Amino acid sequence: TPHSTHTPLLEHHNYYYTMASNGTAHGSFNVALMTSGGLAPCLSSSVAHLITYWKEAKDTGKISGLSIRCYRDGYKGMLIGDSFVVDDAAFADVDVLHNLGGSPIGNSRVKLTNIKDCLARGFIKEGETPLEVAAQQLLKDEINVIHTIGGDDTNTQAAELAKYIAEKHGGKITVVGMPKTIDNDVYPIKQTFGADTAAQEGSKYFQNVVSESTANPRMLIIHECMGRDSGYLTAATARAYHDSVKTQKFCAPFPTCSASRDVHAVWIPEISIDIEKEGARLKKIMDEQDCVNVFLSEGSGVKDIVAEMEAKGEEVPRDAFGHVALAKINPGVYFSKRIAELVDAQKTLVQKSGYYARSAPANAFDKELIGKCAKIGVESAIAGVTGCMGEDEDKEGTPIRAIEFERIKGGKPFDTTLGWFQELVKEIGQVE
């Protein structure tokens with residue numbers, strides 16, 4: 001039975017402690033883990049690293065007791081009380097999670113301040129609020145540390161929940177977030193978890209898809225990459241793929257060659273595209289190579305598409321956070337029709353690598369980054385420091401630290417002035 005809404009969260013126990021002068025924490029920690037939002041190639045590794053470093057803290061005497069609870073399907077599990085406790089057998093085998101994609105706990109898209117949506121989905125009852133229901137569940141489970149593994153929405157919601165509990169229940173919960181998003185678009189974090197892996201996997205995906213350019217004369221292939229407001233993933237995927245073409249060996253005089261299989265255009269939200277001018281440039285490539293390969297960010301042109309839908313009186317599909325449901329408005333198809341006319345394509349193929357790329361296990365780069373952040377994240381939680389882990393771009397030397405939640409914000413655009421991107425667009429002939 002949930003406690004009274006007036007019961008302080010920590011009234012009946014003393015699970016929260018600061019570090020003693022000798023570096024040993026004199027107490028137990030009840031830790032909660034949850035993953036939320038869309039998938040990224042980092043969720044399983046984040047869970048594994050966090051559990052490993054919490055166990056290390058217990059084994060080395062930094063804390064005297066430890067319980068780790070996982071809420072299934074993110075905030076949904078917290079709202080309906082669906083969770084499980086990690087047992088000793090799992091502690092021993094947790095390293096196998098590094099080899100898995102997806103989330104070992106399960107994800108969902110739930111906004112705790114969207115009462116209407118939570119009510120419609122059966123997560124709360126009439127007259128309840130998601131924040132209060134979540135607070136009562138954490139109270140019941142005696143949680144004093146939460147690790148939220150998700151994007152800016154997930155982590156800022158957790159901070160709001162902790163603030164609510166402090167104000168309404170007099171309790172303290174330390175929230176230490178882990179920045180998951182393949183868009184790499186969170187201020188002020190240099191590199192979000194999973195973004196590098198997703199770019200490499202997107203490149204791998206197109207290494208097969210590009211062969212479709214040989215299936216039909218005058219073939220146009222649109223490789224649509226995920227990225228709502230940031231072109232990072234599309235740019236990084238194009239770079240990785242372009243580099244792979246450089247190392248591929250070909251056999252003359254066969255027409256399939258590096259020029260026909262390379263990236264011919266990279267279109268992202270941060271770059272204004274003169275469609276007529278680009279069409280003329282790409283038509284020359286089509287005439288010479290019998291194909292054109294365009295890497296397109298799914299966020300490109302969304303404003304134009306939404307404006308067109310609204311002008312027609314059509315309903316724009318959105319998720320619980322109010323974001324446009326990009327998969328439903330299909331930017332790739334929208335652009336492909338226009339560009340196909342300009343390059344005189346006989347056949348057009350739109351291929352989306354997003355679900356393939358985001359479902360992969362973390363690569364070596366991301367595993368190392370996640371591990372460093374998890375180690376410091378556990379230390380921060382033990383010390384009672386709340387924040388979202390990451391390399392802080394606003395601090396000298398971009399140190400890994402628990403970044404204050406009030407500074408965490410999504411929508412960071414991709415920096416098109418980066419040397420590697422300028423080199424890429426010059427090498428493919430998009431800019432002179």
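Tyr 356 is partly exposed, with a relative accessible area of 40% (buried means under 20%, exposed over 50% and partly exposed in between, with a 1.4 Å probe and protein chains only). The model is predicted, so local features need pLDDT of at least 70 and side-chain atom pairs count only at pLDDT 80 or more, while totals for chains, interfaces and linings use all residues. Residues are numbered from 1 along each chain as its sequence is written, and side-chain values use heavy atoms, with hydrogens and water left out. Helices (H or I, at least four residues) and strands (E, at least two) are DSSP runs numbered from the N terminus.

**Aromatic pairs**

- The whole structure holds 9 aromatic pairs (rings of Phe, Tyr and Trp, the last by its six-membered ring, pair if their centres lie within 6.5 Å; planes under 30 degrees apart count as stacked, over 60 as edge-to-face and the rest as tilted).
- Tyr 205 and Tyr 356 form a tilted pair, because their ring centres are 5.6 Å apart and their planes stand at 45°.
- This pair ties together parts 151 residues apart in sequence, because Tyr 205 lies in helix H7 and Tyr 356 in helix H14 (residues 354-358).
- Tyr 205 counts as buried, at 16% relative accessibility.
- Trp 420 and Phe 421 make an edge-to-face pair, with 6.2 Å from centre to centre and 90° between the planes.

- Strands in the order S7-S8-S6-S9 make up an open sheet of 4 strands with parallel pairing (two strands pair if DSSP finds at least two bridges between them).
- Strand S7 (265-267) and strand S9 (347-352) are the edge strands, each pairing on one side only.
- From one strand to the next, the twist averages 20° (axes are lines fitted to C-alpha atoms, for helices over the stretch in contact, and angles run from 0 to 180 degrees between N-to-C directions).
- Strand S6 (residues 219-225) and strand S8 (residues 291-297) run parallel and are joined by 7 bridges; Met 219 stands opposite Cys 291 in S8.
- Helix H7 (residues 195-209) packs on the sheet and touches S6, S8 and S9, its direction making about 165° with that of S6 (contact means heavy atoms within 4.5 Å).
- Helix H8 (residues 232-247) lies across S6, S7 and S8, at about 145° to S8.

**Thr 234 in helix H8**

- Thr 234 belongs to helix H8 and is buried, with a relative accessible area of 0%.
- Leaving aside neighbours within four places in sequence, Thr 234 is in contact with residues including Cys 225, Val 266, Trp 267, Phe 295 and Leu 296.

**Strand S1**

- Strand S1 (residues 28-35) is largely enclosed by the rest of the structure, because 7 of its 8 residues are buried.
- S1 and strand S2 (residues 65-71) run parallel, joined by 6 bridges; Ser 28 has Gly 65 in S2 as its bridge partner.

**Cavities**

- There are 2 cavities of 30 Å³ or more (on a 1 Å grid over the protein atoms alone, a cavity is a set of points where a 1.4 Å probe fits but cannot get out; lining residues have an atom within 4 Å of a point).
- The largest cavity holds about 70 Å³ of space (a volume is the space filled by probe spheres set on the grid points, which are joined across faces, edges and corners).
- Residues lining the largest cavity include Tyr 53, Glu 56, Lys 62, Lys 375 and Ile 382.
- Helix H1 (43-59) and helix H15 (364-382) are the elements that give two or more residues to this lining, and H15 provides the largest share, 4 residues.

Terms used. On a 1 Å grid over the protein atoms alone, a cavity is a set of points where a 1.4 Å probe fits but cannot get out, and a pocket is an open set with protein on both sides within 12 Å along at least five of seven lines; lining residues have an atom within 4 Å of a point.
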